[in-house]
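Here are a few exercises to work through with the model open beside you. Try each task before reading its solution.

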Amino acid sequence: MKPEAWRICLIQMDVSIGEPDRNADRVKRRIEQVMDSPGARPDVIVLPEMWNTGYALEKLDQLADPGGEAARELLSALSARYGVNIIGGSVSVREGSRFYNRLYVTDRQGRIAAQYDKTHLFRLMDEHSYLTAGDLLGRFELDGVACGAIICYDLRFPELARTLALDGAEVLFVPAQWPHPRLHHWRTLLTARAIENQMFIAACNRVGTSVGADGTASAFFGHSVVLDPWGETIAGAEEEETDIYADIPLSSVQEVRSRIPVFADRREALYRGIGKPVSAQERA
């Protein structure tokens, strides 16, 4: 039965580039701290993007998780132990000779409920040179709630979030490693995706600084946030490592969609260029 509300926890954390064992220990410890803390436990935990290796792309042949086995084992064990859903951020995964930026979702029983490979690869961080893009949507259900997931740069492609919303998604999860100086873009695009699709958004961004193989440093600003279907902030963070909690009333999605019926008022044929052009005479 679909719950009336969810408590979501975003784990905003640093990532040690090229150190998957250290990062796995950090994830395990942070989830244990959240679930062992007094008070109401979250229903869903969200992790940031590429938390296992960071952007050590030039070393993926040595570092990437073969078949995602280590990540799946860790996330499944923690989900089953605590009875919590986990949006496993994303991890670098090796499949044969190819590498993927992959998100795993585990349900309360520790089962893999979904996986999603990042579909838009970020050229500014050379993802396209090392990774293979996915070609399937990140659509799934948890506790009977229709959900969607995109990863970081995917946020700049409104068609992706809209397609998930049209397929029924009520909550969109966005793990990221979104760097300075584009904080304004992060805030604006997340708010736009929430408002235009009338859905909750839970976006978990990392913090800290990573230095690439060429010596270039990238600083990540955090500002993880949960937004409601009006685009209003329910809970958010600054730039420190922290856990962000938000209680979301799931029924408000349908309430908002009924008050401003943008989905019913869409003119899909026109957007696809199928509609007949209207001449100036006809407009007159």
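**Exercise 1. Work out how many helices and strands the chain has, and how compact it is.**

Step 1. The chain has 9 helices and 16 strands; helices (H or I, at least four residues) and strands (E, at least two) are DSSP runs, numbered from the N terminus. This is a predicted model, in which local features need pLDDT of at least 70 and side-chain atom pairs count only at pLDDT 80 or more, while totals for chains, interfaces and linings use all residues. Residues are numbered from 1 along each chain as its sequence is written, and side-chain values use heavy atoms, leaving out hydrogens and water.

Step 2. Now look inside: 50% of the 284 residues count as buried (buried means under 20% relative accessible area, exposed over 50%, partly exposed in between, with a 1.4 Å probe and protein chains only).

**Exercise 2. Find which residues of helix 7 are buried, and what covers them.**

Step 1. In helix 7 (residues 252–259), the buried residues are Ser252, Val253, Val256 and Arg257. They sit on the same side of the helix because they cover an arc of only 135 degrees around the axis, taken from the directions from the helix axis to the C-beta atoms.

Step 2. Turn to the other side of helix 7, where Ser258 and Arg259 are exposed.

Step 3. The cover over the buried residues includes helix 5 (158–166), helix 6 (183–197), strand 11 (200–205) and strand 16 (242–249).

**Exercise 3. Examine the backbone at Pro181 and Gln198.**

Step 1. Pro181 lies in the loop between strand 10 (171–176) and helix 6. The peptide bond from His180 to Pro181 is cis, with omega near 10 degrees.

Step 2. Gln198 is in the loop between helix 6 and strand 11. Its phi is near 50 degrees, a positive value in a residue other than glycine, and at 3% relative accessibility Gln198 counts as buried.

Notes:
Contact = heavy atoms within 4.5 Å. Rg over C-alpha atoms; globule rule 2.2 N^0.38 Å.
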